[in-house]
Amino acid sequence: MGGTAQGSGTGRREGRADRAYIGSFTTGGGRGITIAAVDPESGALTPRSAVDGVVNPSCLALGGDGGVLYAVSDTDPGGVAAFRAADGQLRPLGPVAGAGGSGPTNLSVADGLLLTAHYTSGSVGALPLAPGGGFSGPPAVLAHEGSGPDTDRQAGPHAHQVVPAPGGRWVLSVDLGTDSVRVCTAEPGAGALRLHAETVLRHGSGPRHLAFHPDSATVYVLHELEPLLTVCRWDPHSGRLAALAEVAVDTDGTPDGARAYPSVVRPSADGRFVWVAVRGSNRIVTYSLAAGAQAPRWASAVDCGGSWPRDLVTDPSERRLYVANEWSGDVTWFDVDAESGALRRAGAVEVPAAACVVFA
C-alpha cells in the first residue's frame with residue numbers, strides 16, 4: 001500500500017487552501033456537504049454552495065491528489081459517495097454505494113482502497129477504487145469481536161475510526177466497544193482485510209480516535225468514555241502498537257452533573273504540540289511536546305466557541321485551527337501561536353450540524 005489520505009484531514013497543497021468542504025448531519029438540520037471559500041489572508045470561511053445528495057455525510061476525505069472527495073453516509077445500512085472536486089464544484093462519480101456495514105463514522109483513502117469504520121455494526125470495510133476515483137467493486141468487510149464493561153456503550157464492538165499507518169503497509173482501526181486498536185493488512189485493489197494484531201487498552205475507556213505524531217513512531221489514542229489520552233509506540237516493521245503512558249485529559253469547565261466526551265486528537269505538523277477537542281466542557285486543550293513526543297504536557301485551553309466540538313483540523317499553513325461544533329451549528333477558527341501552540345479565536349461561520357472540515 002502506498003500514499004494515504006485520512007478522513008477529516010487537511011488535503012495539503014504547499015501551505016494554502018482555496019476551499020474547504022464541511023460535512024454535516026442532514027438528520028440534524030445540516031445542509032449536506034458545504035463548499036466554502038477560504039480567505040488566503042484571514043483564513044475566514046465563506047459558504048458558496050452545498051450538495052445534499054448524501055444523508056449524514058459526517059466524515060469526508062480527499063483522494064486522487066485532492067481531485068476526489070469521499071463521504072460516508074452515516075445511516076443504517078451505511079453508504080459512501082465519491083465526487084469529482086473541480087472548479088469549486090462537486091460532481092457525483094456515481095450513486096451512493098453500500099459501505100458494507102451500519103453507521104459508518106470514519107473513512108480514509110489508501111492505495112486504491114476506501115477504508116470505512118462502521119460504528120453500529122462494529123466492523124471495518126475496504127472498497128476497491130477505480131482509476132478515476134469511483135468504486136470498482138463491493139466492499140470487503142472485517143467484523144470486530146468483543147465487548148467492554150460499559151453495558152450501555154460497550155455491549156458489542158463499535159469501530160469508530162480506520163486509518164492507514166505511515167508507509168501504507170498496515171491499517172489501524174479504533175474500537176470504542178472493545179477498548180482496543182486492531183492492526184490489519186489490506187490487499188491493494190482486492191481490499192481483503194486480515195487481522196494481524198490487537199492492542200487492548202484501559203477497560204471501559206472507549207477509545208474513539210487516534211493520530212500519528214510526525215515522527216511516525218508515536219501514536220496518540222483518545223478515549224471517549226474516560227477522559228484519557230494514551231501514548232503508544234508504533235513499530236512499522238512488526239506492525240505492533242504498544243501503550244506507553246496515559247495522560248488525563250483536561251475536562252475543566254464541564255457543567256455539574258454532566259460528563260465530558262473527548263472527540264478528536266490532532267498533532268501539529270511540526271510535532272511540537274497536540275490539540276484535543278472535548279465535548280461537554282466544549283474546550284480545545286493544547287498539550288506541549290517540549291519534553292518529547294511521548295510526554296505530552298498540558299499547556300493551555302480555550303473555549304471552542306460553540307457546543308459539542310466533533311472535529312478539529314489545521315489548515316495547510318498550520319497557522320489556524322478549525323473546529324466543527326455540531327450542536328451549536330458552526331465552524332470556528334483560531335490563530336495558532338507559533339511558539340506556544342496556544343489558540344486565539346479569530347472567527348466563525350454558521351454551518352448547521354457541522355461534523356467535519358477538510359481543506360483542498
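Reader: With which residue does Asp-311 form a salt bridge?

Author: This is a predicted model, in which local features need pLDDT of at least 70, side-chain atom pairs count only at pLDDT 80 or more, and totals for chains, interfaces and linings use all residues. Residues are numbered from 1 along each chain as its sequence is written, and side-chain values use heavy atoms, with hydrogens and water left out. A salt bridge is a side-chain nitrogen of Lys or Arg within 4 Å of a carboxyl oxygen of Asp or Glu. With closest N and O atoms 3.2 Å apart, the partner of Asp-311 is Arg-266.

Reader: How many residues apart are Asp-311 and Arg-266?

Author: Strands (E, at least two residues) are DSSP runs, numbered from the N terminus. Asp-311 belongs to strand E26 (residues 309–314) and Arg-266 to strand E22 (residues 261–267), so the pair links distant parts of the chain, and the separation is 45 residues.

Reader: Is Asp-311 buried or exposed?

Author: Buried means under 20% relative accessible area, exposed over 50%, and partly exposed in between (1.4 Å probe, protein chains only). The relative accessible area of Asp-311 is 3%, so Asp-311 is buried.

Reader: What distance separates the closest N and O atoms of Glu-224 and Arg-153?

Author: Glu-224 is buried at 5%, whereas Arg-153 is partly exposed at 24%. The two form a salt bridge, and their closest N and O atoms are separated by 3.0 Å.

Reader: How many salt bridges does a search of the whole structure find?

Author: Among them is the pair of Glu-198 and Arg-182. The search of the whole structure gives a total of 14.

Note on methods
Helices (H or I, at least four residues) and strands (E, at least two) are DSSP runs, numbered from the N terminus.
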